[in-house]
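Colleague: I have a new model to look at, and I would like to go through it with you piece by piece. Please show it first.

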Amino acid sequence: MLDAAERRAAADRLWAAQRDRAPIEPLTASHPGIGVVDAYEIQLINIRRRLAAGARVYGHKVGLSSPVMQRMMGVDEPDYGHLLDDMVLPEDTPVPARAYCHPRIEVEIGYVLGAGLPGEGCTEADVLAATEYVVPALELIDSRIEDWRIGLADTVADNASSAGVILGAARARPGELDLAGIEAVLYEIGGGDSGGGGSGVEVARGSTAAVLGDPTTAVAWLARKVASFGVKLEAGHVVLPGSCTRAVDVRPGQVFRAEFAGLGSVTARFE
């Protein structure tokens, strides 16, 4: 465990790394005693700092929601991070890739809550009842840790490596789709293509079943988990339950479109 001063120092280092786009060595190397509780408290220090500067909570994200990633990190449960309103990226506006350290995108569906979720004891039924609609989404992830050399505490402290979210225009109510069986394909399309000129080149494919077997399970887990830190999932929040596919590196000039069977698509352009 770290003391309060050590947690603050680690938060300051991550804050400077994001501000200056200058990644740092893993916190697990510079702070060998760091644990997961320390990491969540470090995350909250910087989230509170951003809220004090005028940002507001837009929602939350779940990370490490696939068995493969959990085995890689040596954990048996996901992690989570915050989505703030200044992380929302309009679909029709190019994203400046150079504003990030090591940007990647992940393919997800997003749950938009029409009502708040209970904390302890939250079930999948609670999630479905509270979800106003689901949307196609791309999460922009980034690591303020050098070369993505992250352990569990590193990514948790670094807001679960979250950097932004792009939501598509399509909407579907939970009962209209099998949320545990949506097939998703990510294409890279030509830089000058507006999104309607062919599918492009497939770069990743997956299913929402990769997310704990059912992404609704991930949202229920999140509601229970954040309650222990005094955080609630509220009406209006967007929740990203985890990626359907592997993460894909991005660079300036690339354009990607994710297509979700029965749900529509979302496009991200990088400059």
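Modeller: A word on terms before anything else: helices (H or I, at least four residues) and strands (E, at least two) are DSSP runs, numbered from the N terminus. Please keep in mind that this is a predicted model, in which local features need pLDDT of at least 70 and side-chain atom pairs count only at pLDDT 80 or more, while totals for chains, interfaces and linings use all residues. Residues are numbered from 1 along each chain as its sequence is written, and side-chain values use heavy atoms, with hydrogens and water left out.

Colleague: Fine. Where is Gly168, then?

Modeller: Gly168 is in the loop between strand 5 and strand 6 (183–189).

Colleague: Buried or exposed?

Modeller: Gly168 is buried, at a relative accessible area of 3%, where buried means under 20%, exposed over 50% and partly exposed in between, with a 1.4 Å probe and protein chains only.

Colleague: And what does Gly168 touch?

Modeller: Setting aside residues up to four places away in sequence, Gly168 touches Glu91, Val135, Pro136, Ser265 and Val266, a contact being heavy atoms within 4.5 Å.

Colleague: Let's zoom out. How many helices and strands does the protein have?

Modeller: The secondary structure comes to seven helices and eleven strands. For 271 residues a compact globule would have a radius of gyration near 18 Å, and the protein, at 18 Å, agrees with that; the radius is taken over C-alpha atoms, and the globule rule is 2.2 Å times the number of residues to the power 0.38. The C-alpha trace spans about 55 × 45 × 35 Å along its principal axes, and 54% of the 271 residues count as buried.

Colleague: What share of the contacts joins residues at least 24 apart?

Modeller: Among contacts between residues at least 6 apart in sequence, the share is 75%.

Colleague: Which strands form the open sheet, and in what order?

Modeller: Four strands form it in the order 7-6-10-11, with antiparallel pairing, where two strands pair if DSSP finds at least two bridges between them. Strand 7 (201–207) and strand 11 (264–269) are at the edges with a single partner strand each, so one side of each has no neighbour in the sheet. Strand 10 (residues 255–260) and strand 11 are joined by six bridges, and Val255 stands opposite Arg269 in strand 11. In the hairpin of these two strands, with three residues between them, Gly262 takes a positive phi near 80°.

Colleague: Which residues other than glycine have a positive phi?

Modeller: Asp147, among them, has a phi near 55°, and Asn159 has one of about 55°. For background, most residues other than glycine have a negative phi.

Colleague: What about strand 2, is it enclosed or left open?

Modeller: Six of the six residues of strand 2 are buried, so this strand is largely enclosed by the rest of the structure. Strand 1 (residues 57–63) runs antiparallel to strand 2 and is joined to it by six bridges, in which Gly63 has Asp79 as its partner.

Colleague: Where does His82 lie, and which side chain makes a polar contact with it?

Modeller: His82 lies in strand 2 (residues 79–84), and its side chain is joined to that of Gln43 by a polar contact of 2.9 Å. A polar contact is a pair of N or O atoms within 3.5 Å; within protein, one must be able to donate a hydrogen and the other to accept it, and residues adjacent in sequence count only if both atoms are side-chain atoms. His82 is buried, at 4% relative accessibility, and beyond its neighbours within four places in sequence its contacts include Gln43, Asn159 and Val231.

Colleague: Last one: which backbone oxygens does the side chain of Ser243 reach?

Modeller: The side chain of Ser243 reaches the backbone oxygen of Val107 at 3.3 Å, and one of its polar atoms lies 2.6 Å from the backbone oxygen of Thr245. Ser243 is in the loop between strand 8 (238–240) and strand 9 (248–249), and it counts as buried at 12% relative accessibility.
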